[in-house]
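Dear colleague,

Please find the structure below.

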Amino acid sequence: MTLLRLEGVSVRFGERAVVDEVDLEVAEHETVCVLGPSGSGKSTLLRVVAGLQRVSAGRVTLGGADQAGVPVHRRGVGLMFQDHQLFPHRDVGGNVAFGLRMRGGAGRGSHDAQVAELLELVGLPGAQDRAVASLSGGEQQRVALARALAPSPRLLMLDEPLGQLDRGLRERLVVELQGLFTRLGTTVLAVTHDQGEAFALADRVVVMRDGRVAQAGTPLEVWQRPASEFVARFLGFENVVPAVVAGGVAGTPWGEVPVPAGSPEGGRWLLIRPAGVVLAGDGLRCQVVSRTFRGTHVALLLRPETGPPLEAECGLAGAPAAGDRVAVSFTPAEVVVLPTDCDRGA
C-alpha cells in the first residue's frame with residue numbers, strides 16, 4: 001500500500017524551478033533513497049514532504065490524506081538531518097525523551113523506559129546520562145536516529161544521514177540501519193549524494209537532475225541499465241562515449257564495439273563496464289597509465305591509440321604494470337546501449 005505520494009510537485013524560486021513536476025511514491029515499509037548531485041532538488045523535496053517548504057504546484061498525500069496546510073508537527077513524520085541538531089544542553093536521555101514528548105501521552109517513568117529501549121535499539125545501551133559533547137560522530141548519529149524514531153513516525157526521513165562520517169563508519173552504519181529498518185518495518189525516505197550508501201540501504205533509488213527524476217528503480221535495475229548518459233556518469237562509470245549502432249556493432253572513438261543482441265540502432269551513447277574491457281592478444285592497442293589494487297581485482301587506467309582513456313579490470317595474477325603495452329577487446333554482455341532523450345519521451 002502506498003504511504004507517500006507526490007503528484008506533479010514543483011517548487012519555484014522566482015523563475016527557477018528547484019523541483020520540477022516530480023511524481024514519486026513510497027510504499028509502506030519501503031526504503032527509498034533519492035540520489036543526485038548538489039543542486040538537483042533532492043533536499044528541497046524532503047523539506048516539501050516534511051512541511052518545511054511550500055509547493056508552487058502539485059500535491060502531497062500521506063496515507064491518502066492531502067497534506068496541504070498540515071503543519072510539520074501534525075504530519076507524523078520524523079526528520080533526521082546531516083548535522084544531527086542535537087540539543088547540547090541536554091544529555092543523551094534528554095535528547096531522546098524530547099522525541100517522545102513530541103508524541104505526548106506518557107509520563108516520565110514510561111519515558112525513561114522507552115528511552116532505554118530506544119538506545120538499546122540503536123546500539124547505545126546505558127548512555128542516557130552521557131553529555132552530547134562526549135559522543136563521537138557515530139554515537140551522535142545514533143542518538144539523532146533514536147530521537148527521530150521516538151515518536152514512532154509513520155515516515156522517517158533522513159537528509160544526508162551519514163555525510164559527516166568517515167567512510168569506514170558510514171559503511172558499518174549503513175548495514176546497521178538497513179537491519180534496523182527491516183526489523184521495525186519503518187518506511188524511510190532518505191536523501192544522499194553517495195550512490196554506494198543509497199544502493200546498500202534502499203529498496204528503490206530515485207536519481208534526480210535539475211529538479212526532475214532522471215531514473216527510478218531498484219538498485220540492481222539502475223546499476224545494470226542506467227537510463228541516460230547523465231545517470232551512467234553520476235554512478236561513476238567513465239567508459240561512456242557517443243556511438244552509432246548498426247548491425248550488432250557500435251562505431252565508437254575506440255573503433256567497433258560489439259553490442260548485445262537486439263540493441264536499438266542509430267545515434268546513441270554507449271557504456272562499457274570496466275569488466276567488459278578484456279586484455280587480449282589482438283584488439284585495440286593501449287598503454288597502461290596506472291594500476292590500482294582493489295582487493296579482488298586490479299583496476300587499470302588505459303590510454304588507447306585512439307579515443308579517450310579506458311577503465312578496465314583484470315585478475316590479480318599477471319596484471320600488467322604502469323607503462324606496459326596491452327591489447328583489449330570488448331565483451332558484449334558488459335556493454336550497455338543507453339537510451340536517448342527521444343527514447344524517454346523527453
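L300 lies in strand β16 (residues 298-304), where strands (E, at least two residues) and helices (H or I, at least four) are DSSP runs numbered from the N terminus. This is a predicted model, in which local features need pLDDT of at least 70 and side-chain atom pairs count only at pLDDT 80 or more, while totals for chains, interfaces and linings use all residues. Residues are numbered from 1 along each chain as its sequence is written, and side-chain values use heavy atoms, with hydrogens and water left out.

L300 has a relative accessible area of 3% and is therefore buried (under 20% relative accessible area, with a 1.4 Å probe and protein chains only). Beyond its neighbours within four places in sequence, L300 is in contact (heavy atoms within 4.5 Å) with L279, V288, S290, R291, L310, E311, A312, C314 and P320. The C-alpha atoms of L300 and E313 are 5.9 Å apart, although 13 residues separate the two along the chain.

The second finding concerns two helices. The axes (lines fitted to C-alpha atoms over the stretch in contact) of α4 (residues 137-149) and α5 (residues 167-184) come within 12 Å and cross at roughly 20 degrees. That makes α4 roughly parallel to α5 (an angle under 35 degrees, taken between N-to-C directions on a range from 0 to 180 degrees). G138, Q141, R142, L145 and L149 of α4 meet L169, L173, E176, L177, L180, F181 and L184 of α5 in this contact.

Eleven of the 13 residues of α4 are buried, among them G138, Q141 and R142.

Yours sincerely

How values were computed. Parallel < 35°, antiparallel > 145°, perpendicular 65-115°, else oblique. Buried < 20%, exposed > 50% of the residue type's maximum accessible area, 1.4 Å probe, protein only.
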